[in-house]
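Me: I have a model open and would like to talk it through with you. Could you take my questions as they come?

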2 protein chains.
Amino acid sequence: MAAVNEKVYDFDAATYTASTGNGTWSAEIHDGWDFAGLPNGGYLMALAVRAMLGELSRNDPLVVSAHFLSPASAGPAEISVQSIREGRRHTSATASLRQGEKEIARLLGTFGELVWNSPAYLRAEPPALPPPDECELPRPVDGFEPPPITRRVELRLLPEHAGFAYGDPPGVAEVSGWARFADGRPADTASLLLFADALPPAVFNAGLPLGWVPTIEMTVQIRKRPSPGWLRSRFITRLVAGGYLEEDGEIWDSEDDLVALSRQLALSPSPLKDRK
Amino acid sequence: MAAVNEKVYDFDAATYTASTGNGTWSAEIHDGWDFAGLPNGGYLMALAVRAMLGELSRNDPLVVSAHFLSPASAGPAEISVQSIREGRRHTSATASLRQGEKEIARLLGTFGELVWNSPAYLRAEPPALPPPDECELPRPVDGFEPPPITRRVELRLLPEHAGFAYGDPPGVAEVSGWARFADGRPADTASLLLFADALPPAVFNAGLPLGWVPTIEMTVQIRKRPSPGWLRSRFITRLVAGGYLEEDGEIWDSEDDLVALSRQLALSPSPLKDRK
């Protein structure tokens, strides 16, 4: 998506992919979409999905799962897309995101064309948030500056959910806040994969020791092409046990519509300093 | 799993897979695990996962996604398993379930060994249910007998959630109930994939016209090897719009532990008689 004045938005540059034939797409993993040097999983998913959309000639991801296999780093990458089934309404495909010999992530998704209509049934509400300018900016945590991704994605956290940054977590594994691209790019369905992984982990507010929470798998359902403006998200974790936790997310747009549902499986927090 | 007296449980017979070399496993999709002649998606996932566990020499699925591509039918099937990455702790793999030339489902999963410990954090509760003998057996709906799968999996629904069968849905898309194998087989982690798809759709209680709800995609996270006894499940749908709905599930075991979380994307209900 290029603006009228030919400005290229950061997200479009960072997810630019070019076909090199036979389902293979070249890409460049950009700096600045990371946490402690490790590119954000949602960013990597969006990058791979952009190649999938290009290869499959579909406009919207409907549901995509990514299993994360090795840590990525800034630099060249390659995405191989393989269509599995092309139907009238849906196309399913897999993709492999690689850097050199290393496979970073494997994806499986179903794609189509989203046409919104008034819900036949809805039993959920967007998170109740004060206006963005009464919410909290990301702050340093445990000696770590807010991650670079927070310069690309503007975040405004519900003040009660920013407690982890002051050593005063509310004791409930929940994080809600506003989010939008810092450079004014409107969100589209592919970018919702990024927004599904852009807030601090909900488990940071649980009252457990803070730590690194590597994503093993993330699945995102996209339900609507988001309307322009701030997005509101709520992420919760119910269970931390046996070395794993899940995190469920909802993303709502400026028209109060539920545009995406996410869920990830991650490892339980391990000390941040191990990655410093 | 065979009982001491060499009795083979129904589920073990119905998910029996045999390696034919090179990652390929032969199987037989059994009658009697279906709804209106269409084998249950959770059963098909469990069948494919059994081949994946065999091929990968892992004991537990941790998180598995299946995208359903074509309707299955009772009869021979083949599962090709491909390991993607084998780490110390986790193995990731894809599988393709086929019948002849037709691909039924593509799966992507991460496997390992589940070791339960007391939760470091838990904020969820099992559904509040009266004892099984005070709950409701499955009943005919709209002229349809309870599906054959309800003879394999015993269900006892929360009475308030059985309203759809009487034309008196509560107006909230939720279904809770007890479930266990009818022949006494204990549940294990692979069978939780079946239990994640064994109750009537939550949307049946929304007050919308009842209908066929084909699953497009289902992802299940397994968190614990279930303790013996009845399982309790709760399934909810938040949003029916644009032709799609999601269904989220929790499965709890007899020790009050949250053993699995499921989520599916399905098509909005279409009239049942179209499948009669």
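Me: Which residue is the bridge partner of Thr17(B) in S2(B)?
Reply: In S2(B), Thr17(B) has Ala27(B) as its bridge partner. This is a predicted model, in which local features need pLDDT of at least 70 and side-chain atom pairs count only at pLDDT 80 or more, while totals for chains, interfaces and linings use all residues. Residues are numbered from 1 along each chain as its sequence is written, chains are lettered from A and ligands numbered from 1 in the order in which they are written, and side-chain values use heavy atoms, with hydrogens and water left out.

Me: In what sense do S1 and S2 of chain B pair, and over how many bridges?
Reply: Strand S1 (residues 17–21) of chain B and strand S2 (residues 24–29) of chain B pair in the antiparallel sense over 4 bridges, where pairing requires that DSSP finds at least two bridges between the strands, and strands are DSSP runs (E, at least two residues) numbered from the N terminus. S1(B) and S2(B) form a hairpin with 2 residues between them, and Asn22(B) in the turn has a positive phi of about 55°.

Me: And what is S2(B) joined to by 6 bridges?
Reply: Those bridges join S2(B) to strand S6 (residues 75–86) of chain B, and the two run antiparallel; Thr24(B), for example, stands opposite Ser80(B) in S6(B).

Me: Switching to the interface, how many residues of chain B are in contact with chain A?
Reply: There are 57 residues of chain B in contact with 57 residues of chain A, contact meaning heavy atoms within 4.5 Å. The two chains bury about 5,000 Å² between them, 59% of it on carbon and sulfur atoms, where buried area is the accessible area (1.4 Å probe) that two parts lose on being put together, summed over both.

Me: How many salt bridges are there between chain B and chain A?
Reply: The count is 6, a salt bridge being a side-chain nitrogen of Lys or Arg within 4 Å of a carboxyl oxygen of Asp or Glu. One salt bridge links Arg263(B) with Asp248(A), their closest N and O atoms being 3.4 Å apart. Strand S16 (residues 258–267) of chain B supplies the largest share of the side of chain B that touches chain A, with 7 residues.

Me: Which strand of chain B pairs with S9 of chain A?
Reply: Strand S9 (residues 121–122) of chain A pairs with strand S14 (residues 239–241) of chain B in the antiparallel sense over 2 bridges, and Tyr121(A) stands opposite Val240(B) in S14(B).
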